[in-house]
Amino acid sequence: MSNSKLYKGSLNTIILKLLNEHDKMYGYEITQKVKALTKGELKITEGALYPALHKLEAEGLLDVEVAKVDNRLRKYYKLTETGTKETVNKLEELAEYIKTMQALVNPKLV
Amino acid sequence: MKLTESQIQDLYAFTRQHFVEHYDLQTELVDHLANDIEKQWQVQPKLTFEDAKNKAFKKFGIFGFMDAIEQKGKAMNKRYMRYMWTELKKWFELPQIITTIALFLLFYIAFSTVYIAPLALFFFGIITVWCTYKGIQLNKQFRRRKEVSNKKWMLEELIFKQAGSTMFVFMSQLFNVYKIPDNYGDNTYFLVLFSLAFTIIALVNYISLEVIPSKAEKLLNETYPEFSL
């Protein structure tokens, strides 16, 4: 992620969440989707995305599918059953984190 | 505007120039670069292929494909170890457990004698010779496979080329085996552990050099949906 190191720890959660909403996605599509959703505020760098995807795949959270698109092969990622469960946990963790940070930076709001 | 077949091949060569040796990762990165280039052409149709390619590559940061290569390597190692573990567990279930127990007893009885040190060396020698023979054979097989397909898959390389790596860990213990005093055979705890270690080493080597390579096609198809494409 180029614009802030603060996002770095949430990369896996962002990937899982996106895959939870879409049946299957490929790497480039993920970077574009995040860019569009955050109106360019958050850019997932290629250098961080693929290592994260491969790690999640190795952990058994993602499964892969390959299809021929145009004149090349495209690798799609989708959530496994464990991946779907883990998404719920990760999102809860993230919500908890946001709440804690809010309490710290802006105590009046809580 | 879409990329031509020769431009796709150029991207494959580009990933190889940037140290991506394995076809599985090359394919993924080629598709990514291709998507990025096509997207750039939507905005700037006059941009040359070379310029667009370099722009797309720059987005990977100063380390280029390095992080992706490293993480992919780790992920594949993890997968390989998982296969290894699954196979090893089978040797502690019926019916294979009978072989495991027999093997353990063989080592235990042999090491209970006063000839513990020469016998340990003898078994050590047998395992080493067998592993070396198998390792060479698998390496040859790997080279033949490369001649046919010209593509290198990370998991395939692990299965055929690194299978013998456990043997080297084992080999490094040669000195310790040689040093065993004869009266060690009297210590039951030591005997059980020593025989168990030999049993596990024999099994691990058998699995990595025989069982997993024999299942290579199945494992590769399972890991790479594009393998048979």
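Which side chain meets that of B:K90 in a salt bridge? In this predicted model, the partner of B:K90 is B:E87, with a separation of 3.3 Å from N to O. Both residues belong to helix α4 of chain B (residues 66-90), where they are 3 residues apart, or about one turn of the helix. B:K90 counts as partly exposed because its relative accessibility is 29%, whereas B:E87, at 10%, counts as buried.

A search of the whole structure finds 25 salt bridges over all chains. One of them is formed by the side chains of A:K75 and B:E28, at 3.9 Å from N to O. Because A:K75 lies in strand β3 of chain A and B:E28 in helix α2 of chain B (residues 23-43), this pair joins two chains. A:K75 has a relative accessibility of 8% and therefore counts as buried. B:E28 is likewise buried, at 4% relative accessibility.

Within chain B, a salt bridge is also formed between B:K2 and B:E38, whose closest N and O atoms are 3.7 Å apart. This pair links distant parts of the chain, since B:K2 is in the segment before α1 (5-17) and B:E38 is in helix α2, 36 residues apart. B:K2 is exposed, with a relative accessible area of 52%, whereas B:E38 counts as buried at 7% relative accessibility. B:K2 and B:E38 also belong to a network of salt bridges that links them with A:D70, A:R72, A:R74 and B:D31.

In chain A, strands β2 (residues 62-69) and β3 (residues 72-79) run antiparallel and are joined by 8 bridges. A:D63 stands opposite A:K78 of β3(A). The hairpin formed by these strands has 2 residues between them, and A:D70 takes a positive phi near 50 degrees.

The largest nonpolar core contains 82 residues, of which A:I15, B:F111 and B:L155 touch the most other members. Helix α10 of chain B (residues 188-214) contributes the largest share of this core, 10 residues. At least three core residues come from each of domain 1 (5-64) and domain 2 (76-223) of chain B. Residues touched by A:I15, beyond those up to four places away in sequence, are A:I30, A:L49, A:A52, A:L53 and A:L56.

In an unreviewed UniProt entry, the annotation "transmembrane region" covers residues 91-109, 115-133, 154-175 and 187-209 of chain B. The span 115-133 is 95% helix and 0% strand, and its end C-alpha atoms lie 27 Å apart. For residues 187-209, the corresponding separation is 33 Å, with 96% helix and 0% strand.

Conventions: Residues are numbered from 1 along each chain as its sequence is written. Chains are lettered from A and ligands numbered from 1 in the order in which they are written. This is a predicted model: local features need pLDDT of at least 70, side-chain atom pairs count only at pLDDT 80 or more; totals for chains, interfaces and linings use all residues. Side-chain values use heavy atoms; hydrogens and water are left out. UniProt positions are given in the numbering used here, feature names are shortened, and annotations may be inferred rather than shown by experiment. Helices (H or I, at least four residues) and strands (E, at least two) are DSSP runs, numbered from the N terminus. A nonpolar core is a set of buried Ala, Val, Leu, Ile, Met, Phe, Trp, Tyr and Cys residues joined through side-chain atoms within 4.5 Å. Buried means under 20% relative accessible area, exposed over 50%, partly exposed in between (1.4 Å probe, protein chains only). Domain bounds come from an automatic or database domain assignment. Contact means heavy atoms within 4.5 Å. Two strands pair if DSSP finds at least two bridges between them. A salt bridge is a side-chain nitrogen of Lys or Arg within 4 Å of a carboxyl oxygen of Asp or Glu.
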